[in-house]
Amino acid sequence: MAIHTRRSEDGRTLIISIEGRFDFSSHQSFRDAYEHGDQEVSDYVIDMSDTTYLDSSALGMLLLLRDYAGGDAGRVRIENCNNDVRRILSISNFEQLFSIK
Amino acid sequence: MDDADTDAQPLRILIADDSESDRLILKTMVRRQGHDVMTAADGVEAVESFRSFKPQIVLLDVMMPGMDGMEAARHIKALAGEELVPIIFLTSLSDADALARCLEAGGDDFLSKPYNRVIIEAKINAFNRMRLMHGTLSRQRDLIRDRNEQLVKEQTIARRVFDNIAHTGCLDAPNIRYHASPLSVFNGDVLFACPRPSGGMNILIGDFTGHGLPAAIGAMPVAEIFYGMTSKGFLIGDILREINQKLWRILPTDMFCCAAFLELDFHLGNLTFWNGGLPGGFLMRHNHGPLRMPSRHLPLGVVSGDRFSAEVDTAKIEEGDTVLFVTDGVPEATNAMGEMFGEARLADVLETRAEDETPLEAVLAAIRTFTGSEEIRDDLTLVSVDVVASNVLEELPLRVTQSALSGPSRWTCEYEVSGETLSHFNPLPLLLHICMEVPGLRRRSGEIYTILSELYTNALEHGVLELPSSWKSSPEGFGRYYAERERRLRSADREDAVRFRLEHETGDKGGVLKVYCSDSGSGFDYTDGGLSSLRQDGYAGRGLALLHQLCESLTHQGRGNEVEVVYRWTIDSREPPSLA
């Protein structure tokens, strides 16, 4: 499991890519990825192109990010999910809380 | 260890050598380094000195008369027990086998004769460091062991408290089968079942994020709310809203509970369900195809009350049908190749199972075969509920909260629900609560609830909303009935109302409860001819029949929109004498 971050060109979007299993073991590194205190960032993108699986504690971490990004007003997108990941997100009905592509 | 060692302190060192000159040379060297020294001339003396002097390091000649060094080393290591007392053999031997035997006997190193002062000092210091580190590790290990024992003790207590709250339900009812780990509360899965006062039962199966005590802490209020509100006659939506609100308030953001809630009414043949985050459940109907119950909602505790949706689905159930729900441990059960069991396989197993195999057995067997393991992993929970005749479960104990206070015996109460309140408020728990204040009536909460709910349902659905109950005879019509009920409730206006008047009087051996219920609807022809024709096409047939059975009398008045029932009860010999 590895987490990488990069910024969009205008610096306003933080893109967090998660490689491999997204579960409790990535708790600290996932938080470190977005808790940078940078006022510039207004949008968050979770890139799941290389995420193989996520468990319920990962869903909890996504909720933490959502709160950090401003709760209902926050802008968090989840992108490029594979079928397994997509299934877990949709069973939990997280499309009601995040924009999922 | 009693002495707090540091690197710099002088050590107690035992030297055992049968050669007096060698002994003297070594003793002088070690003393010069600042250590306390005791000497021994053979193995027996060395062991004796070890007992009295309690040395921290032992320098031991291999060859001595009587008991040799190796024998002495074994004794010393045995006496030292868990404490590390390094033994360094003193030897002029050089053959590898002999040296290896020294280490096998418990020695830690060699010192070759003739002695070199620098090497002796370096070895003593090195072994002292090892000794100190061993001491630190032992202390830490003991600490961890103690803490762990305490944690286990606390968990046992927490478990006992949890069991008192959670396992007073009806999971042992003859129509329920389940698999749940004996320690399930500590891996986050919960399973509750409780009889409803009007008959049938409520089931909640859930899966908390996280493990251990945090999950158990979340589970306790859920159990308390589930059992408390179910026993008092609250409906599924109210209970779900209450649980969600509680969890949302007490749990940290990243914790929540994926859950499914089932309300089974065997008398009316209704299943009402809500699924927030669990894999889709199955309703296996013997007369129709299977029905899936997919997750349509966010899990409990994720969003605040104003965003929470307690919208439920309904289905018609008949004797012989079975409902099955699982937590995500089932689709996520993994085989040796890392492949997951999946929901498609689950559906397949249920469809192709043998006639004589219960759905639960079939799924458990399939998981065992798939994972190739006899043991089912702890973090998966399954429950199946068979739909049975409503009288099969009459013996189930109700769990109405018992108050230590005794209530009033003679009272009247009037209550009206009107307008839009009709659409979102259920007055039955409140009315039941008032009746349950009469000590002798508590045992009859099931009957009282049934009377109140039949009267209310008739008044609301057939009186106010003018819904024809004949729709409910087919599965399609059943769905239409409940959809239409929702729609009409939403457009209820100010004049729409249901009124209750309850009167109770206690006598010597029991009492009489009169319930009068009227509604703002247009009523129906309750004269003999009219009523029997209505009964033939099923209008309010079952509900009225039930009321006739339970009550001493039932009379319609007005234009058919007013009903009065008289319920007479006597003190049961099973019941302890009332103190009231």
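Predicted model: local features only at pLDDT ≥ 70, side-chain atom pairs only at ≥ 80, totals over all residues.
**Exercise 1. Describe the interface of chain B and chain A: how many residues are in contact, and how much area is buried?**

Step 1. Begin with the contacts: 19 residues of chain B touch 21 residues of chain A.

Step 2. Turn to the area. The two chains bury about 1,600 Å² between them, and 57% of that is on carbon and sulfur atoms.

Step 3. Look for charged pairs. Two salt bridges are found across this interface. One of the pairs to look up is Glu343(B) with Arg87(A), where the closest N and O atoms are 3.3 Å apart.

Step 4. Count the polar contacts: nine residue pairs are in polar contact between chain B and chain A, with both residues at pLDDT 80 or more. On the side of chain B that touches chain A, the residues divide into nine nonpolar, five polar and five charged.

**Exercise 2. Follow Lys113(B): which residue does Lys113(B) pair with in a salt bridge, and which residue does a cis peptide bond join to Lys113(B)?**

Step 1. Find the salt bridge. Lys113(B) pairs with Asp61(B), with the closest N and O atoms 3.5 Å apart. This pair links distant parts of the chain, 52 residues apart: Asp61(B) is in strand E3 of chain B, while Lys113(B) is in the loop between E5 and H5.

Step 2. Check how open each partner is. Asp61(B) has a relative accessible area of 5%, under the 20% limit, so it counts as buried. Lys113(B), at 23%, is partly exposed.

Step 3. Widen the view: salt bridges that share partners join Asp17(B), Asp22(B), Asp61(B) and Lys113(B) into one network.

Step 4. Now read the backbone. A cis peptide bond joins Lys113(B) to Pro114(B), with omega about -5°. Pro114(B) is found in the loop between strand E5 (109-112) and H5 of chain B. As background, most peptide bonds are trans.

**Exercise 3. Two salt bridges of chain B, Lys123(B) with Asp109(B) and Arg177(B) with Asp386(B), link distant parts of the chain. How many residues apart are the partners of each pair?**

Step 1. Take Lys123(B) and Asp109(B), whose closest N and O atoms are 3.1 Å apart. Helix H5 holds Lys123(B) and strand E5 holds Asp109(B), and the two are 14 residues apart.

Step 2. Take Arg177(B) and Asp386(B), which meet at 3.0 Å, N to O. Arg177(B) is in strand E6 (residues 176-179) and Asp386(B) in strand E15 (residues 382-386), 209 residues apart.

Step 3. Arg177(B) is partly exposed at 31%, whereas Asp386(B) is buried at 18%.

**Exercise 4. Where do Asn80(A) and Lys54(B) lie, and is each one exposed or partly exposed?**

Step 1. Note the backbone angle. Phi is near 60° for Asn80(A), a positive value, and near 45° for Lys54(B), also a positive value. Most residues other than glycine have a negative phi.

Step 2. Asn80(A) sits in the loop between strand E5 (75-79) and helix H3 (83-91) of chain A. Lys54(B) sits in the loop between helix H2 (43-53) and strand E3 (57-61) of chain B.

Step 3. Compare with the cut-offs. Asn80(A), at 41%, is partly exposed. Lys54(B), at 54%, is over the 50% limit and therefore exposed.

Note on methods:
Residues numbered from 1 in each chain as written. Chains lettered and ligands numbered in written order. Heavy atoms only, no water. Contact = heavy atoms within 4.5 Å. Buried area = accessible area lost by both parts, 1.4 Å probe. Salt bridge = Lys/Arg side-chain N within 4 Å of Asp/Glu carboxyl O. Polar contact = N/O pair within 3.5 Å; in protein donor to acceptor, adjacent residues only side chain to side chain. Nonpolar A, V, L, I, M, F, W, Y, C, P; charged D, E, K, R; others polar. Helix = DSSP H or I, 4+ residues; strand = E, 2+ residues; numbered from the N terminus. Buried < 20%, exposed > 50% of the residue type's maximum accessible area, 1.4 Å probe, protein only.
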